[in-house]
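Visitor: I would like to go through the labels attached to a model and ask what each one rests on.
Guide: Go ahead; here is the model.

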Amino acid sequence: MAVRNQLIHRPPQAVWAVLADPASYGEWVVGPSESTPLDQAWPEVGSRLRYTVRLGPWSTEGVTTVRHTEAGRELELEASFKSLGTARIFLQLRPWGEETLVVCDEHPLRGVGGTLHNPAIEALLQLRHRGMLARLAKIVEQDHAGARRA
């Protein structure tokens, strides 16, 4: 199970403002180039967003569904990527003084991703999380406590 932490130099509500904006996922999640909400209720349980992954001239779409949420604290998602199956992504926001410790925990659930899960895939997930959490931190910290999204 790939678990990674990132200290973001803003309070949890600023981090949550970015997580609660489904259109921003294409900016900070490594892989998707864009994201579009399929439901107006994001990030309520059951709400979904569609994302597009591009690799050169090739592109495909997937859907992410909110499975659990505690506003301002926890967001648990299930990302579905057609033939590869699904993955569970759990983001937890922990107050850390005036800042936020973000804990990201991801692992395959169903399909080929779960069947082929191994230490090499785990290492790739760690690299993905390093980039993803750094992008999230950059967006939140440049956002000056969520002012852009408020």
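**Labels and their grounds**

Guide: Helix α4 covers residues 119–142, and Ile-121 lies in it. Note that this is a predicted model.

Visitor: Why does Ile-121 count as partly exposed?
Guide: The relative accessibility of Ile-121 is 32%. Buried would need a value under 20% and exposed one over 50%, so Ile-121 counts as partly exposed. Together with Leu-124 and Leu-127, Ile-121 makes a nonpolar surface patch of about 270 Å².

Visitor: What makes the pair of Tyr-25 and Trp-42 edge-to-face?
Guide: A search of the whole structure finds three aromatic pairs. In the pair of Tyr-25 and Trp-42 the ring centres are 5.5 Å apart and the planes stand at 85 degrees. Centres within 6.5 Å make a pair, and planes over 60 degrees apart make it edge-to-face, so that is the label for Tyr-25 and Trp-42.

Visitor: Which parts does that pair tie together?
Guide: Tyr-25 lies in helix α2 and Trp-42 in the loop between β2 and β3, so the pair ties together parts that are 17 residues apart in sequence. Tyr-25, at 6% relative accessibility, counts as buried; Trp-42 is buried too, with 7%.

Visitor: Why is the pair of Tyr-51 and Phe-81 called stacked?
Guide: The planes of Tyr-51 and Phe-81 are 10 degrees apart, with 6.3 Å from centre to centre. Stacked requires under 30 degrees, so the label applies to this pair. Tyr-51 sits in strand β3 and Phe-81 in the loop between β5 and β6, 30 residues apart.

Visitor: How do you know that β5 is largely enclosed by the rest of the structure?
Guide: Six of the seven residues of β5 are buried, so the strand is largely enclosed.

Visitor: What makes β4 and β5 a pair of strands?
Guide: They share seven bridges in the antiparallel sense. At least two bridges are needed, so β4 and β5 pair. Val-63 stands opposite Ser-80 in β5. The two strands form a hairpin with three residues between them, and Gly-72 in the turn has a positive phi of about 80 degrees.

Visitor: How many bridges join β5 and β6?
Guide: Seven, again in the antiparallel sense. Leu-77 stands opposite Ile-89 in β6. This hairpin has five residues between the strands, and Lys-82 takes a positive phi near 35 degrees.

Visitor: Why is the contact of Arg-88 with Glu-76 called a salt bridge?
Guide: The closest N and O atoms of Arg-88 and Glu-76 are 2.4 Å apart. The rule asks for within 4 Å, so the pair qualifies. Arg-88 is in strand β6 and Glu-76 in strand β5, twelve residues apart.

Visitor: Are Arg-88 and Glu-76 buried or exposed?
Guide: Arg-88 has a relative accessible area of 18% and Glu-76 one of 17%. Buried means under 20%, so the label holds for Arg-88 and for Glu-76.

Visitor: Which other salt bridge does Arg-88 form?
Guide: Arg-88 also forms one with Asp-105, at 3.2 Å between the closest N and O atoms. Asp-105 is in strand β7, 17 residues from Arg-88. Asp-105 counts as buried, at 11% relative accessibility.

Methods: Residues numbered from 1 in each chain as written. Predicted model: local features only at pLDDT ≥ 70, side-chain atom pairs only at ≥ 80, totals over all residues. Heavy atoms only, no water. Patch = residues over 30% accessible without salt bridge, like charges linked within 9 Å, V, L, I, M, F, W, Y side chains within 5 Å. Areas by Shrake-Rupley, 256 points an atom, 1.4 Å probe, with all protein chains shown as cover. Salt bridge = Lys/Arg side-chain N within 4 Å of Asp/Glu carboxyl O. Helix = DSSP H or I, 4+ residues; strand = E, 2+ residues; numbered from the N terminus. Buried < 20%, exposed > 50% of the residue type's maximum accessible area, 1.4 Å probe, protein only. Phe/Tyr/Trp six-rings, centres within 6.5 Å; stacked < 30°, edge-to-face > 60°.
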